[in-house]
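Good morning, colleagues. Today I would like to present one structure, which I will now put on the screen.

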Amino acid sequence: MKQDTAAKMMIISSCIFFGVALTMGILTALKFVVPTVGDIEYLSMPRLRMLHTNVNLFGWLLQANMGLLFWILPRILHTKLFSEKLGVVMATLYNVILVAAAVCILMGKVKNVEYGEIPAPLDYLVAVCWVMFAVNVFGTVAIRKVKYLYVSVWYTLGAVIWTTFVYITGNMLSQMVSGVNQANLIWFYVHNAVGLIFTPLGVAIAYYLIPKQLNTPIYSHKLSMIGFWVISFVYVWTGAHHMIHGPQPHWLQTVSIIFSFSLIIPVMAVITNFFGTFATAPRGTRMNGPIPKLLMMGTVYYIFTCLQGPFQAIRSVNEITSKTDWVVGHAHMALFGAFSYYAMAGVYYVAPKLAGRKLFSDKLGDLHFWMMTLASIPFFAVLWIGGVIQGFAWLNPANTFVETLEALKHAHWMRLASGAVIFGSYFLFFYNIMQTFFGKYGEEVAAETEVAE
Amino acid sequence: MKKLDVERSLILTAVGAFLFFAVGAALTTIVPPMVSPQMWHSDHPVHEYTEQELRGIDIYRSEGCVYCHTQQVRKLDSDRRRYGWRLVEAPESESWEYVNDRNNFLGTKRTGPDLARVGGKYSSEWHWAHFKDPRNMGEKFPNRKGIYEKVSIMPSFAYLTDEEIHDLTAYIQTLGRNKNWRVDKNGKPLNDYEK
């Protein structure tokens, strides 16, 4: 089988799912301002929201990350992918599951697990795909032709191991218990889905792309080590911070708050390392084209989201921000702002290599970056401002609930407007990548392929 | 002696990453129900759901009500006062109240109000009209009309069959009733729940 087929399949497919997910997002935002739009069962707001999160997480981000790693790992390890056939089978199965899952969600056949709505037996099949991915990752590392494992490999190995337990706990074990105990397992899953799947995979990709793109060695090896080993210890404790002031044991809340705060350590280690690499790169060329820009902005969003997290977990701050639009803004900045930016940078980097020619248009890539970034800043900001307004409005018992909702009208309009620009800029990205793969443009030269040895 | 070099070994990296993770994973998932049995055990009588209410729970889940409505009165004055009713504050939610919930709907987002103590606050007739059209509840509830018409962004669930709305309402009327919280100053039950 041709080398990198699996990577190509998954990257193209993930770009399509990205569009589907953003469509669901914009429709949901529309329903917040005009709730009577599309008033039918299959387009009701909660169904769209479930589809938005699941397609984004599994269809776009996880798939893009897996596809990128299928390409990156063999290059780091100077070998071939362990089994291209297994990769292709897994990519096919995974996409079939995703389509079936989307249909189930639209029909309302769902689990009560946030981010894990995909019902049985499809969720078991997702786990099967994950095991197939794990076999390929471990196999590729085992047949490597270099002695040392690079940082990206540590993070990928970690993600593969951690996610297996996190996914099974959240999707299968949680269904066997009830009440607050179930809630605890579900939030363990929800939080670690972000923290132990998308964080390590995104950071792994950035650890490869930043030094490679800037042609500069990574700033500090020691910081890489601190970042990795501390995150593997502290992240997993934090799930219960979604239930602060709620009915679960007080000690569990306190534990999650303490560990949420200690997350500042690994995050700062990683960010210092990334910025340090940017700072030591040649000045003239370090921001050329969309790739370094996306990596830089993704890192900036990563700082913001990871500083918000620990402070939101403090009891007094949580009283205002929890359950409001603020949290929606926070989640968007982590998954869209930080990790989708890294994934898009990865797609811009790997797609031309897979196609064997240059990116269709760097200018279009720059335009996509600026449109998306300039729209995403107000997008996040209105969610936070709206969330704080909402939080304080709830504190005053003189406000009826509908009055506190009315205060958010402008924020919801603004979210729709800025979301629409983000949605528009996606098409620039999609067009650029599709042209790179399939378009007919003159520049067949400069086939700067990097063949694995 | 050969130096132990983690970065050269697939096994050491993988095992190390797993062990570091396993400490926190075990202490936050397996240990809590052992240390705090109130997470799954109740000393008080807890309502067993009827067939109809269980169907209602399935509808509540597949319609995704939880994405806008939490089911927890937090340990905050603002929550207790806002979700109280007719001059009685809502008591905070306690973990034993949920032990029979095979599907928990504690939730993380409040676009609409909390539903932890909503059972008995509104008549089933009110719920019927509200599910059909949250922005125009008809002639029977004229005083609700003005502000709801303008502001509510709840989707209309008019596509549910009559039977489904009955099932869903039956479930909603149980919420928060494991604790008989409608009591006067002397602790005597008021028994003023709506049917």
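Predicted model: local features only at pLDDT ≥ 70, side-chain atom pairs only at ≥ 80, totals over all residues.

Let me begin with chain A. Its secondary structure consists of 15 helices and zero strands. The radius of gyration of chain A is 21 Å, close to the 22 Å that the globule rule gives for 453 residues, so chain A is as compact as a globular protein of that length. Along the principal axes, the C-alpha trace of chain A spans about 70 × 45 × 45 Å. As for burial, 58% of the 453 residues of chain A count as buried. If we take the contacts in chain A between residues at least 6 apart in sequence, 83% of them join residues at least 24 apart.

I turn now to chain B. The domain assignment divides this chain into domain 1, residues 1-35, and domain 2, residues 47-172. Taken over C-alpha atoms, the centres of these two domains of chain B are separated by 43 Å. Within chain B, helix 7 covers residues 162-172, and its buried residues are I165(B), D167(B), L168(B), T169(B), A170(B), Y171(B) and I172(B). Against what do the buried residues of helix 7 of chain B pack? They pack against helix 3 (51-62) and helix 5 (124-132) of chain B.

Next, the interface. Here 63 residues of chain A are in contact with 58 residues of chain B. On the side of chain A that touches chain B, the elements giving two or more residues are helix 2 (45-77), helix 4 (122-142), helix 5 (151-171), helix 6 (179-214), helix 7 (221-234), helix 13 (362-395) and helix 14 (401-406) of chain A. Helix 6 of chain A gives the most to that side, with eight residues. By residue class, the side of chain A that touches chain B divides into 37 nonpolar, 16 polar and 10 charged residues.

Finally, the core. The largest nonpolar core has 187 residues, and those with the most contacts inside it are I205(A), A345(A) and V347(A). Helix 6 of chain A supplies the largest share of this core, 23 residues. Domain 1 (1-35) and domain 2 (47-172) of chain B both contribute residues to the core, so it lies between them. Which residues does I205(A) touch, if we leave out those up to four places away in sequence? They are N65(A), L68(A), I72(A), Y342(A), A343(A) and G346(A).

Methods:
Residues numbered from 1 in each chain as written. Chains lettered and ligands numbered in written order. Domains from an automatic or database assignment. Contact = placed C-beta atoms within 7 Å. Helix = DSSP H or I, 4+ residues; strand = E, 2+ residues; numbered from the N terminus. Nonpolar A, V, L, I, M, F, W, Y, C, P; charged D, E, K, R; others polar. Rg over C-alpha atoms; globule rule 2.2 N^0.38 Å. Buried ≥ 20, exposed ≤ 12 C-beta atoms within 10 Å, placed from the backbone. Core = buried A, V, L, I, M, F, W, Y, C linked by C-beta atoms within 7 Å.
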